[in-house]
Amino acid sequence: MPFYIAREGSKLWRRVSMETLVELHLLAEKWKLLLAGLIFQYIHGLAARGVHYLHQPGPTLQDVGFIILPELGQDKAYISETIFTLVFISFVLWTFHPFIFQSKKFYTVLLWCRVLAFLVASQILRIITFYSTQLPGPNYHCREGSKLARLPRPDSALEVLLINFPRGVIYGCGDLIFSSHMIFTLVFVLTYQKYGSTRCIKQLSWFIAVILSLLIIASRKHYTVDIVVAWYTVNLVFFFIDKKLPELPDRTIGIQSPLLPLSTKDKDAKSKEEHHKLLNGNSGDAADWRQRTQVNGKLLEDGNTVHADTQMNGK
């Protein structure tokens with residue numbers, strides 16, 4: 001038993017080491033894209049902090065979701081945050097599963113390049129939207145009488161740049177349309193829908209996304225319009241951006257694929273070679289170079305004749 005555990009541990013270590021080398025090679029090529037995506041996450045937080053200075057508390061707007069869903073109360077606001085945190089952590093862990101498990105369907109670095117592209121595109125639209133119109137926040141700390149509903153003018157630019165993390169992110173006001181929590185959730189669910197392999201988890205992911213949407217409204221963190229706009233905007237962004245980005249290389253077990261994705265030049269050369277073989281009527285195999293005999297203007301293989309032609313010629 002100890003020998004078996006040691007042997008399996010050795011195999012796991014070799015697999016992790018090989019996968020790490022491949023991912024580091026990809027990281028050396030794509031680090032600029034990843035860094036740009038991460039920097040924009042800070043810019044998005046900075047924009048949300050900035051709109052808080054413009055926020056003017058007022059009476060909560062009439063909302064269908066508020067009428068239908070009972071208010072959970074301030075003491076139960078943690079429920080939606082807990083579910084969102086579990087979704088976030090679960091997705092991050094799943095993106096690193098190729099380092100351990102043998103079912104490698106994607107490269108982690110390339111997958112995160114796509115995820116950050118979806119997030120950045122959605123967040124740009126979000127920033128434009130909530131700076132266009134500031135609505136009175138429905139959250140408890142954004143209502144009239146709360147000390148956090150209005151932010152005093154900053155004493156320095158450094159105070160704005162630090163965005164009072166993490167308190168400034170958690171207790172923000174004014175960045176309503178559309179929900180940032182739903183951007184992350186839907187991008188994660190859509191990504192797993194495309195690259196995940198377990199059907200029940202895909203169905204569970206969509207169910208959790210719907211439940212989280214309802215909990216956010218019930219917690220009065222967003223208006224219903226913030227959730228509705230997020231649902232169709234993120235799905236459209238994912239659809240169009242996914243069409244523009246190059247597809248991830250297939251790493252399905254049993255398919256002999258290169259260790260790293262082929263370059264555009266290699267793909268073009270391979271496509272031209274296959275096209276040339278099809279035009280010549282052979283696949284390049286030596287078995288296709290058989291002797292052909294011409295009879296009555298027809299090419300016959302291996303010198304075989306056609307009985308129909310023999311009878312028509314009266315022979």
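## A guided tour: disulfide, pocket and salt bridges

One disulfide is present in the structure, which is a predicted model. Select Cys 142 and Cys 173 to display this disulfide; their sulfur atoms lie 1.9 Å apart. The link between Cys 142 and Cys 173 is left-handed, with -95° about the S-S bond. Cys 142 sits in the loop between helix H4 (108-132) and helix H5 (157-161), and Cys 173 in the loop between helix H6 (167-170) and helix H7 (180-195), so the pair ties together parts that are 31 residues apart in sequence. Cys 142 and Cys 173 are both buried.

Next, select Phe 91, which is found in helix H3 (residues 78-95). With a relative accessibility of 6%, Phe 91 counts as buried. Display its surroundings: neighbours within four places in sequence aside, Phe 91 is in contact with Trp 112, Val 115, Phe 188 and Thr 191. Thr 191 is 100 residues from Phe 91 along the chain, and the C-alpha atoms of these two residues are separated by 9.3 Å.

Now turn to the largest pocket, which holds about 1,200 Å³ of space. To centre the view there, select Glu 81, Val 169, Ile 170, Tyr 171 and His 181, which lie nearest the pocket's centre among its 36 lining residues. Helix H1 (2-54), H3, H4, H6 and H7 are the elements that each give two or more residues to this lining. The greatest contribution to the lining comes from H1, with five residues. Colouring the lining by class shows 19 nonpolar, 13 polar and four charged residues.

Lys 221 is buried, at a relative accessible area of 14%, whereas Glu 81 is partly exposed, at 31%.

The structure holds seven salt bridges. For another, select Asp 242 and Lys 194, whose closest N and O atoms are 2.6 Å apart. Asp 242 is in helix H9 and Lys 194 in helix H7, so the pair ties together parts that are 48 residues apart in sequence.

Include Arg 114 to complete the view: salt bridges that share partners join Arg 114, Lys 194, Asp 242 and Glu 247 into one network.

Key. Residues numbered from 1 in each chain as written. Predicted model: local features only at pLDDT ≥ 70, side-chain atom pairs only at ≥ 80, totals over all residues. Heavy atoms only, no water. Disulfide = S-S within 2.5 Å. Helix = DSSP H or I, 4+ residues; strand = E, 2+ residues; numbered from the N terminus. Buried < 20%, exposed > 50% of the residue type's maximum accessible area, 1.4 Å probe, protein only. Contact = heavy atoms within 4.5 Å. 1 Å grid on protein atoms, 1.4 Å probe; cavity = no way out; pocket = protein on both sides within 12 Å on 5 of 7 lines; lining within 4 Å. Points joined across faces, edges and corners; volume = space filled by probe spheres on them. Nonpolar A, V, L, I, M, F, W, Y, C, P; charged D, E, K, R; others polar. Salt bridge = Lys/Arg side-chain N within 4 Å of Asp/Glu carboxyl O.
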